[in-house]
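Good morning, and thank you for coming.

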Amino acid sequence: MTENPSDKKSTLELAHIYIEKEDFEKGLRILSNFIDNHTASDNLLYNYSLFCFWAGDLQTAYLETNQLLAKNPDNIDYQ
């Protein structure tokens, strides 16, 4: 990631590693920093909302999911 900090796929994979190890703070920090500095895809925002949910940040998960639903009301993954 240090060679290409805008690599969405690597960022998401690294965040997943931390989430799987239940290090929610690091996983969320990685995604938050990426989202703050780059254009985030809906898939990345969806994963961010899932990570927030797993970390117990239900308010952020709810807000992110609602924003995704507003943009993509027919996507059943967001429902």
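A helix here is a DSSP run of H or I with at least four residues, a strand is a run of E with at least two, and both are numbered from the N terminus. This is a predicted model, in which local features need pLDDT of at least 70 and side-chain atom pairs count only at pLDDT 80 or more, while totals for chains, interfaces and linings use all residues. Residues are numbered from 1 along each chain as its sequence is written, and side-chain values use heavy atoms, with hydrogens and water left out.

I begin with α3. It is followed by G56, whose phi is positive, near 90°. Helix α3 has 14 residues and reaches 20 Å from its first C-alpha to its last. That is close to the expected 20 Å, where the expected span is 1.5 Å times one less than the number of residues.

Which residues of α3 are buried? Buried means under 20% relative accessible area, exposed over 50%, and partly exposed in between, with a 1.4 Å probe and protein chains only. They are L44, L45, N47, Y48, S49, F51 and C52. Their cover includes α1, α2 and α4 (58-71).

I turn now to α1, residues 8-20. Here T11, L12, A15 and I19 are buried. They lie on the same side of α1 because they cover an arc of only 95° around the axis, taken from the directions from the helix axis to the C-beta atoms. On the other side of α1, K9 and E20 are exposed.

Finally, just after α1, E22 takes a positive phi of about 60°.

How values were computed. Contact means heavy atoms within 4.5 Å.
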